[in-house]
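Here's a quick briefing to read alongside the coordinates. Have a look at the model first, then we'll go through it topic by topic.

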Amino acid sequence: MVETQLVVPSCASIPETVGCIGCGYVGSMTMIVLAYKNPHTRFVLADCNSRVISAYKAGLPPFHEPFLDEYMAGCRKHANIDFTTDTDAAVLAADILFVAVDTPSAPISKDPLDKFKHKGRKANLQRLKEVAARIGSVLVRKFAKTLIVLKSTMPIGAEEKFISHMSRAFVPDAPEPKFSLVCVPEFLAEGTAIHNLLHPDRIIIGGSRTAGPEDLRMVRGLYNWIDEKQVIYTDAHTAQLGKLAANAMLAQRVSSINSLTPICEMTDANIQDLKLILGSDSRIGPLFLNPSPGFGGSCFKKDILSLVYISEKLGLHEVAMYWNAVVELNEYQKRRLTERILATVPSSPGEPLRVCVLGASFKQGTSDTRESSSITVCTMLAEMGTEVHVFDPKATRERFLVEAEIQGIVLTLEAAERIKWFASPLEAARGARAVVILTDWEEFRLYDYADFYVAMEKPAYLFDYRRMLNADKVRTLGFVVNQLGAAGSQ
Ligand SMILES: NC(=O)c1ccc[n+]([C@@H]2O[C@H](COP(=O)([O-])OP(=O)(O)OC[C@H]3O[C@@H](n4cnc5c(N)ncnc54)[C@H](O)[C@@H]3O)[C@@H](O)[C@H]2O)c1
């Protein structure tokens with residue numbers, strides 16, 4: 001284990017080649033920014049998904065992220081970034097090899113004990129293990145040393161499993177390949193990823209038992225625009241727990257403010273003023289206090305569940321229950337807000353209820369719909385026979401339905417067909433009885449809701465589940481307004 005009080009040499013040699021396995025959100029964006037900031041280093045980005053690689057090669061990233069195009073153009077100018085499906089080539093070429101494959105929650109298999117044992121909470125390390133085995137099989141024919149940087153979020157101690165899977169490929173009695181391994185968890189947030197990478201709050205570099213100070217410094221050297229004060233050198237286990245705990249605490253704030261929304265609704269207390277009261281306390285701070293239909297994204301839920309699983313494995317049942325409540329509150333919020341739509345809006349006899357949903361991505365600035373509240377709300381509505389007209393500036397219906405399926409939501413064909421996508425928000429609202437705002441896209445504040453009202457069936461309802469609009473103004477247009485956390489909305 002590397003000590004926290006490391007004496008880290010102050011300069012490091014510049015690597016000739018950096019490789020990365022896994023070109024999803026984290027792998028691609030981290031590498032693009034690093035390539036931009038390290039023009040004299042060559043970057044080889046590998047992914048087993050040929051669709052992803054072809055998209056990057058064609059200069060068309062497979063997802064929307066602000067400023068990504070500009071930074072990709074910058075890298076093209078430096079001519080220092082290549083995309084490939086040949087992961088072995090990336091391993092062979094790399095002095096530093098990043099691993100940024102996905103680590104979702106483990107599926108519950110047909111083994112009935114599975115449900116009892118991990119309840120889908122444990123992190124699925126299958127992809128990490130596959131990559132480890134692949135790297136091991138290449139390292140045996142590589143002479144130069146490889147510094148492996150694990151970027152994926154993982155449970156405490158997963159680096160040892162990684163090393164063990166890698167070394168299964170090593171040849172007994174032959175000299176062991178030269179490698180060292182560090183954990184550098186990523187803290188970027190989708191929608192602001194480039195900004196977060198350029199101005200991170202901190203970089204965590206956690207050494208495994210195989211890493212020495214020069215390895216930590218080598219990784220640190222890539223982040224050449226970051227002040228030394230922002231770098232935290234620690235051990236792998238602290239880095240891994242630090243990442244899980246950071247996501248758990250952020251999600252906990254979302255669930256905490258959301259837990260207060262029904263109390264406000266039932267007591268006529270004002271959630272926006274409450275937000276001010278809490279946020280102006282310097283010990284609490286103002287961020288992550290927006291009431292919402294719940295957190296989403298690929299990370300919060302699975303990382304908290306991973307923490308719950310770790311706690312249970314350690315026999316810490318109260319700790320596990322504490323963190324699990326954050327996820328349960330989130331599910332409750334999504335469910336109760338959907339039930340409210342169904343309980344409030346009447347449908348015309350003989351006709352299905354039509355509802356316009358604004359927002360499918362889990363937050364503004366991204367096309368990512370993984371675990372978005374919109375998936376729960378839209379699929380619940382559709383299952384109850386409602387026609388759901390969705391508009392989102394970036395997210396696609398195809399991805400939305402795939403993500404619903406990955407979440408284990410089994411929609412009937414008829415229900416899936418009831419979820420329709422529209423290219424304009426006004427067209428989505430036409431003929432609908434209610435508009436529901438689910439994602440905080442800035443443009444939703446700017447629409448002319450008078451036009452929506454004219455195009456909708458009457459009485460027309462507006463559910464502002466992101467508190468984006470001035471309720472009094474929208475009410476004067478004729479809408480029956482229902483705002484999250486406001487009296488009369490429960
Ligand atoms: N998305 C985020 O906002 C975010 C932020 C911080 C940390 N993380 C963590 O970073 C990791 C990656 O997340 P992501 O959102 O980038 O995932 P992702 O699903 O977008 O990307 C993972 C990529 O890895 C590729 N891959 C999987 N197995 C492979 C293999 N054997 N060989 C080559 N390529 C392989 C997949 O094809 C995919 O393109 C996860 O552990 C996640 O928890 C994500």
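How many residues of domain 1 are in contact with domain 2? Seven, and they touch seven residues on the domain 2 side. Keep in mind that this is a predicted model, with an average pLDDT of 94 over the protein chain.

**Domains**
- The chain splits into domain 1, covering 17-226, and domain 2, covering 335-483.
- Going by C-alpha atoms, the centres of these two domains sit 37 Å apart.
- On the side of domain 1 that touches domain 2, you'll find two nonpolar, three polar and two charged residues.

**A helix pair, H10 and H13**
- Helix H10 runs over residues 236-267 and helix H13 over residues 317-344.
- Their axes are 9 Å apart and meet at an angle of about 50°.
- That angle is why H10 and H13 count as oblique to each other.
- The crossing of H10 past H13 is left-handed.
- H10 brings Ala 248, Ala 251, Gln 252, Ser 255, Asn 258 and Ser 259 to the contact.
- From H13 come Trp 323, Val 326, Leu 329, Asn 330 and Gln 333.
- Sorted by class, the residues of this contact are five nonpolar and six polar, with no charged ones.

**Confidence**
- A pLDDT of at least 70 is reached by 95% of the residues.

Definitions and conventions. Residues are numbered from 1 along each chain as its sequence is written. This is a predicted model: local features need pLDDT of at least 70, side-chain atom pairs count only at pLDDT 80 or more; totals for chains, interfaces and linings use all residues. Domain bounds come from an automatic or database domain assignment. Two residues are in contact if their C-beta atoms, placed from the backbone, lie within 7 Å. Ala, Val, Leu, Ile, Met, Phe, Trp, Tyr, Cys and Pro count as nonpolar, Asp, Glu, Lys and Arg as charged, and the others, Gly among them, as polar. pLDDT is the predictor's confidence in each residue, from 0 to 100. Axes are lines fitted to C-alpha atoms, for helices over the stretch in contact, and angles run from 0 to 180 degrees between N-to-C directions. Helices (H or I, at least four residues) and strands (E, at least two) are DSSP runs, numbered from the N terminus. Angles under 35 degrees count as roughly parallel, over 145 as roughly antiparallel, 65 to 115 as roughly perpendicular and the rest as oblique. A crossing is left-handed if the near helix is turned anticlockwise from the far one by less than a right angle, and right-handed if clockwise.
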